[in-house]
Amino acid sequence: SQLFFGTKAEALGREVRRDMIEPDHPQLSVVQQCKLLSISRSSFYYTAKGETAQNLDLMRRIDEQFLETPFFGVRQMTWHLRNDGHLVNEKRIRRLMRLMGLMPIYQKPNTSRPAKGHKTYPYLLKGLRVDRPNQVWCADITYLPMRRGFLYLVAIMDWHTRKVLAWRISNTLEADFCVEALNEAIHKFGPPEIMNTDQGSQFTSFVWTDRLRRTGVRISMDGKGRFLDNIFIERLWRTLKYECVYLHAWETGSEAKAGIRKWMTFYNHQRPHSALGGRPPAVVYWQRNETTNPDQQVQRVA
């Protein structure tokens, strides 16, 4: 297989790049091939490990409770589950919450922890008046429970109109699926002025920040423990889970993807939004975009 360097390799999806690796290559080791293709060695050897039915049930209950009480840490969540009759200890709940990517809003040292060596950026939205589409985008990741497993979902949202511009589902928390969603959003709608995220390792990774810098986007990151800095996309997760995810028990990733796609289309084009005077996000996005940029011809996309 042909190996690509730098951004050429990153332009391909993670699964495509992983399939390009040849374990028996006569000149290049697996480690060298992973480096050239910009994927981690662990990603090449990754095999999804299933959780027990009991743990999957606990994870769903944790997810539902965390939407109601995002300040619950491991101890409070353990007590809550014990009070509901589940015989669990803190060690188990800590592992499951980490697997789900959940951290309580008060834990300043641990919230959305960047990976070692990753650069973080200052929060740029304090005091900023956001009054037009594509001025500020935000992105976040959430956990998706399924009947026999779980997945992760990332979404790119326009801050002003709340329109979901792109999303992707993955079975790992590597940065690739986030970058794929970002590439789609930029391709369809053009780049924003500012992108705001938390300090998670996906959003401090080189592939994510380099894509933004090369496009001229200013990078903004929430302060540690600042749950409310990305409040609009947190509200999106709450609405999505109560109106879609918790009403289904998807068996496969294909079923989950189809269900999420159907709900996202409904959310963008039909669901009334109170902050938008009862209008759907997509309607407001295109109305405001045409008003703000009357001379700019933008192809309408979903």
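The chain holds 13 helices and five strands. The model is predicted. Buried residues account for 48% of the 302 residues in the chain.

**Nonpolar cores**

- The largest nonpolar core has 43 residues. Within this core, Ile-62, Ile-156, Met-195 and Trp-208 touch the most other members.
- Helix α8 (residues 176-189) supplies the largest share of this core, with eight residues.
- A second core is separate and has 30 residues. Among them are Leu-144, Met-146, Ile-194 and Tyr-246.
- Met-195 belongs to the largest core. Setting aside residues up to four places away in sequence, Met-195 touches Trp-137, Cys-138, Ala-139, Ile-156, Leu-182, Trp-208, Leu-212, Val-217, Arg-218, Ile-219 and Ser-220.

**Helix α7 and its partners**

- Helix α6 (residues 74-83) and helix α7 (residues 90-100) have axes that come within 9 Å. These axes cross at roughly 115 degrees, so α6 is roughly perpendicular to α7.
- The crossing of α6 past α7 is right-handed.
- On the α6 side, the contact uses Val-74, Arg-75, Met-77, Thr-78, Leu-81 and Arg-82. On the α7 side, it uses Glu-90, Ile-93, Arg-94 and Met-97.
- By class, the contact of α6 with α7 has five nonpolar, one polar and four charged residues.
- Helix α5 (residues 53-68) also packs on α7, at an angle of about 70 degrees and with the axes 10 Å apart. That angle makes α5 roughly perpendicular to α7.
- From α5, the contact takes in Gln-54, Asn-55, Leu-58, Met-59, Ile-62, Asp-63 and Phe-66. From α7 come Arg-92, Ile-93, Arg-95, Leu-96, Met-97, Leu-99 and Met-100.
- The residues of the contact of α5 with α7 fall into nine nonpolar, two polar and three charged.
- Ile-93 and Met-97 of α7 meet α6, and both residues also take part in the contact with α5.

**Helices α8 and α10**

- The axes of α8 and helix α10 (residues 206-214) lie 9 Å apart, at an angle of about 15 degrees. The two helices are therefore roughly parallel.
- Their crossing is right-handed.
- Cys-178, Val-179, Leu-182, Asn-183 and Ile-186 of α8 meet Val-207, Trp-208, Arg-211 and Leu-212 of α10.
- This contact of α8 with α10 has seven nonpolar, one polar and one charged residues.

**Leu-236 and Tyr-267**

- Leu-236 sits in helix α11 (residues 231-243). Its relative accessibility is 2%, so Leu-236 counts as buried.
- Tyr-267 sits in helix α12 (residues 253-269). Tyr-267 is buried because its relative accessible area is 4%, under the 20% cut-off.
- Leu-236 and Tyr-267 are 31 residues apart in sequence, with 9.4 Å between their C-alpha atoms.
- Beyond residues up to four places away in sequence, Leu-236 touches Ala-155, Met-157, Val-164, Trp-263 and Tyr-267.
- With neighbours within four places likewise left aside, Tyr-267 contacts Met-157, Arg-162, Val-164, Leu-236, His-273 and Pro-281.
- Met-157 and Val-164 touch Leu-236, and both residues also contact Tyr-267.
- Tyr-267 and Lys-163 are 104 residues apart along the chain, yet their C-alpha atoms are separated by 8.2 Å.

**Positive phi values**

- Most residues other than glycine have a negative phi.
- Asn-134 is not a glycine, but has a positive phi of about 65 degrees. Asn-134 lies in the loop between α7 and β1 (136-145). At 12% relative accessibility, Asn-134 counts as buried.
- Arg-162 is another non-glycine residue with a positive phi, near 70 degrees. Arg-162 lies in the loop between β2 (150-158) and β3 (164-170). Arg-162 is buried, with a relative accessible area of 13%.
- Arg-162 is also one of the contacts of Tyr-267.

Technical notes. Residues numbered from 1 in each chain as written. Predicted model: local features only at pLDDT ≥ 70, side-chain atom pairs only at ≥ 80, totals over all residues. Heavy atoms only, no water. Core = buried A, V, L, I, M, F, W, Y, C linked by side-chain atoms within 4.5 Å. Buried < 20%, exposed > 50% of the residue type's maximum accessible area, 1.4 Å probe, protein only. Helix = DSSP H or I, 4+ residues; strand = E, 2+ residues; numbered from the N terminus. Contact = heavy atoms within 4.5 Å. Axes fitted to C-alpha atoms, helices over the stretch in contact; angles between N-to-C directions. Parallel < 35°, antiparallel > 145°, perpendicular 65-115°, else oblique. Left-handed = near helix turned anticlockwise from the far one by under 90°. Nonpolar A, V, L, I, M, F, W, Y, C, P; charged D, E, K, R; others polar.
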